[in-house]
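Colleague: I am new to this structure and would like to learn how to read its features one at a time. Could you take me through them slowly?

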2 protein chains.
Amino acid sequence: MIQRPRGTRDFLPDEMEKRRFYENTLRHTAKTFGFREIATPIFEESELFILRSGPNVLNELYAFKDKGDREIALRPEMTAPAIRMFVNEMSNDPKPIKIFYFGQCFRYERPQSGRYREFFQFGAELIGNANAYTDAEVIAMASSMIEALGLKEYKIRIGHIGVLRQKITEAGVPAERMAEVLQKLDKKLYDEARPLMQEMGVSESVIDSIFDLTETVGDSSVLSKVPGEAGDHLRQIVEILNAMGINDLEIDLGVVRGLDYYTGMVFEAEAPSLGAEKQICGGGSYTLSELFGGEKVFSTGFAIGFDRILLAMEKEGQTYQPEGIAAYVVPVTDDVRVKSSEIVASLRRAGISADIDLMGRKMQKAMKYASSAGVKYTVIVGPKELEEGCVTVRDMSTGEQQTVKVDELLSAIRN
Amino acid sequence: MIQRPRGTRDFLPDEMEKRRFYENTLRHTAKTFGFREIATPIFEESELFILRSGPNVLNELYAFKDKGDREIALRPEMTAPAIRMFVNEMSNDPKPIKIFYFGQCFRYERPQSGRYREFFQFGAELIGNANAYTDAEVIAMASSMIEALGLKEYKIRIGHIGVLRQKITEAGVPAERMAEVLQKLDKKLYDEARPLMQEMGVSESVIDSIFDLTETVGDSSVLSKVPGEAGDHLRQIVEILNAMGINDLEIDLGVVRGLDYYTGMVFEAEAPSLGAEKQICGGGSYTLSELFGGEKVFSTGFAIGFDRILLAMEKEGQTYQPEGIAAYVVPVTDDVRVKSSEIVASLRRAGISADIDLMGRKMQKAMKYASSAGVKYTVIVGPKELEEGCVTVRDMSTGEQQTVKVDELLSAIRN
């Protein structure tokens with residue numbers, strides 16, 4: 001038996017209906033924020049992802065040569081493709097450009113709970129400006145999306161990569177080794193960060209103060225400890241978000257994000273119910289377009305891990321009820337089958353989801369099937385009733401039956 | 001500048017909104033027919049596609065080895081994955097199983113008008129039975145989808161592969177060479193089919209009668225020329241489709257379909273506006289599950305070329321009008337910006353698509369932007385009006401302005 005590839009999933013009807021429902025919840029929320037959907041190809045030149053994330057990304061890429069000997073890769077994320085598209089095709093559009101996207105990404109890694117080789121991301125980018133309002137706009141949208149999905153327990157943590165970068169620079173860490181240090185701090189690997197900085201000649205006390213900074217966590221009152229422009233910027237973001245009705249924020253200067261291209265505000269959202277792999281959303285302000293051959297343009301964006309956030313909702317006990325079929329038409333005898341096809345077609349034309357027995361089931365089996373398939377009304381087409389232009393409608397939830405004229409069937413089912 | 005890979009596309013906001021709209025039209029129609037959506041991975045073991053289509057498919061596949069040395073391929077179509085999924089996970093579900101799917105497929109070939117290396121298909125499979133009713137159900141759904149999309153000029157041609165196969169078998173063509181002959185006839189390559197059959201010892205007159213059969217085209221009256229069960233079957237399909245209100249059908253025994261696994265009824269839909277590449281839909285009844293290690297189960301399915309049908313609609317002059325933004329909030333001065341953020345957030349929470357100036361535009365520029373962005377109402381937040389709890393609402397289509405209380409803004413915009 002041929003199996004699907006490891007780390008991938010099939011989505012069966014109930015699961016898929018749920019996923020589309022929540023996908024559309026995200027889409028609707030993005031639209032209320034004035035963001036518009038775009039789509040980019042499933043694969044890109046490998047170079048694109050290397051430029052964004054560094055050559056190490058190759059270890060996790062599904063990269064291959066196409067028949068024209070081009071180095072291509074299945075996308076591991078969609079920010080780089082979105083910005084590539086902006087550079088190629090939207091760079092002259094009026095700013096800000098507010099775009100979002102939803103789709104599959106691919107990462108070759110060991111499959112584990114909530115992590116797949118083919119996974120789904122929702123992401124958004126606000127391109128063209130960077131100020132407290134653009135940052136707040138993006139955080140507000142991420143927050144509204146999580147709310148719209150109905151997740152109860154989650155936390156949004158906002159930091160500023162500039163504060164940490166400045167402190168590390170002042171400590172004497174050379175610019176070209178900044179990324180190394182930040183990556184350790186991103187993962188809270190203090191035991192590895194300390195010898196690394198010692199080796200660069202940073203004193204114990206300065207290292208301690210850097211660690212302290214990454215442990216600066218709390219409500220907006222901790223911003224009093226954050227000096228200069230970065231502090232002002234974060235205070236302003238919080239003020240705007242509060243005005244937008246978003247109050248439940250945590251300031252956390254330990255939010256580092258692993259990538260070089262972030263320039264200022266960075267944020268993450270996490271769902272504690274997920275345990276160790278609790279991050280459901282991450283983003284910040286950045287510039288990336290200049291790496292792909294465009295002009296340097298300030299942007300702010302984020303991505304939501306769709307699989308993980310669905311898992312978090314599930315862990316909280318949230319369930320989705322499939323819509324089911326409104327009507328199921330059962331011909332009692334073979335000679336009313338063609339007429340039954342006519343009836344089911346008229347329901348469908350009216351926009352009603354309607355099925356018809358195609359297996360030649362006898363009445364009892366057909367009713368049993370209707371119960372198990374979540375049918376709301378069974379329409380029984382019998383030869384005698386039909387002679388008088390009637391059919392029998394059975395409400396599957398109450399068991400009540402009524403005989404109605406065929407041309408009044410629509411209203412009987414719609415009420 | 002990094003470009004997207006050849007034969008792939010980026011979808012910008014207007015195009016993407018249109019595509020999602022029509023994608024949802026197809027989805028809605030499928031639901032009214034009681035079909036439910038599924039999804040399978042973007043890539044599968046290459047073997048899956050070879051089993052379905054033969055080893056020649058490798059020439060057009062994006063096939064590669066993953067880091068675990070598995071032979072995988074980007075899906076060139078979705079029938080094989082859907083049936084693989086059925087065999088793996090749904091084979092014990094009550095029949096018929098009615099599923100549909102929508103997504104990207106990949107084919108490495110020379111890009112040309114309406115054909116891309118990454119293209120989009122909508123498809124459906126009815127699994128578990130094969131009779132005139134299941135065949136009619138599937139053709140009716142394909143027809144209803146084309147209608148729902150609003151395509152005006154199209155033709156559905158229905159044939160029966162069994163008629164032709166029987167005739168070719170009777171002519172003495174060995175079973176193992178049947179596919180060769182059918183492939184030539186599928187493409188109407190009579191000049192190549194003739195010597196091929198001559199070489200197999202088929203006489204001129206029998207060859208002529210086979211060609212004649214593939215040229216048997218017309219309304220249902222031509223079915224009088226089709227003998228036996230196949231003729232009865234097609235007559236019954238036409239009767240059921242007529243009862244379902246689908247009358248505009250052509251019988252065409254020259255509909256061959258290139259693949260071995262079709263067992264009976266085959267059908268295609270074409271849009272003449274597309275010229276040479278006019279096929280927009282194809283399908284038929286088949287068995288495939290036994291090739292993938294499951295039990296043999298009769299199915300009927302079809303696929304619609306989403307890119308091609310959109311192209312056909314475009315050629316007919318059909319246009320899609322993007323929804324635009326309902327409200328655009330413009331702060332007149334910097335000190336009303338935070339309050340403006342509060343206002344835009346309240347609109348969004350009410351489900352209204354609302355944008356806010358994030359570029360610090362002056363009034364005149366902001367109004368110009370609002371016009372070009374398809375905004376319906378501009379909400380002007382001025383410090384004086386705000387002191388009295390008011391804002392100015394401008395209807396961008398009429399130019400009319402009114403001053404409204406902030407807490408009455410919602411109804412002013414909704415009316």
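Modeller: Let us begin with a term: a salt bridge is a side-chain nitrogen of Lys or Arg within 4 Å of a carboxyl oxygen of Asp or Glu. With that criterion, a search of the whole structure finds 73 salt bridges over all chains. Please keep in mind that this is a predicted model, in which local features need pLDDT of at least 70 and side-chain atom pairs count only at pLDDT 80 or more, while totals for chains, interfaces and linings use all residues. Residues are numbered from 1 along each chain as its sequence is written, chains are lettered from A and ligands numbered from 1 in the order in which they are written, and side-chain values use heavy atoms, with hydrogens and water left out.

Colleague: How many salt bridges are there between chain B and chain A?

Modeller: The count between the two chains is 14. In one of them, the side chains of D355(B) and K98(A) meet with N to O at 2.4 Å. E89(B) also forms a salt bridge with R4(A), where the closest N and O atoms are 3.2 Å apart. E89(B) lies in helix α3 of chain B and R4(A) in the segment before α1 (13–32) of chain A, so this pair joins two chains. Helices (H or I, at least four residues) and strands (E, at least two) are DSSP runs, numbered from the N terminus.

Colleague: What area is buried between chain B and chain A?

Modeller: Buried area is the accessible area (1.4 Å probe) that two parts lose on being put together, summed over both. Here the value is about 8200 Å², of which carbon and sulfur atoms give 59%. Counting contact as heavy atoms within 4.5 Å, chain B contributes 99 residues and chain A contributes 99 residues.

Colleague: How should I read a pair of packed helices?

Modeller: Two packed helices are described by the angle between their axes and the distance between the axes. The axes are lines fitted to C-alpha atoms, for helices over the stretch in contact, and angles run from 0 to 180 degrees between N-to-C directions. In chain A, helix α2 (residues 46–53) and helix α3 (residues 79–90) pack at an angle of about 105°, with axes 9 Å apart. The helices α2(A) and α3(A) are therefore roughly perpendicular to each other, a label given to angles of 65 to 115 degrees, whereas those under 35 count as roughly parallel, those over 145 as roughly antiparallel and the rest as oblique. From α2(A), L48(A), F49(A) and R52(A) meet T79(A), A80(A), P81(A) and R84(A) of α3(A).

Colleague: And what should I look for in a sheet?

Modeller: Strands of a sheet pair through backbone hydrogen bonds, either parallel or antiparallel. Two strands pair if DSSP finds at least two bridges between them. In chain B, 9 strands form an open sheet of mixed pairing, in the order β1-β5-β6-β12-β11-β10-β7-β9-β8. At its edges stand β1 (36–37) and β8 (217–218) of chain B, each with a single partner strand, so one side of each is left without a neighbour in the sheet. Strands β5 (residues 97–106) and β6 (residues 118–127) of chain B are antiparallel over 10 bridges, and G103(B) stands opposite Q121(B) in β6(B).

Colleague: Which backbone details deserve a second look?

Modeller: Most residues other than glycine have a negative phi, and most peptide bonds are trans. D69(A), which is not a glycine, has a positive phi of about 65°, and is found in the loop between β3 (63–65) and β4 (71–74) of chain A. The peptide bond from K95(A) to P96(A) is cis, with omega near -5°, and P96(A) lies in the loop between α3 and β5 (97–106) of chain A.
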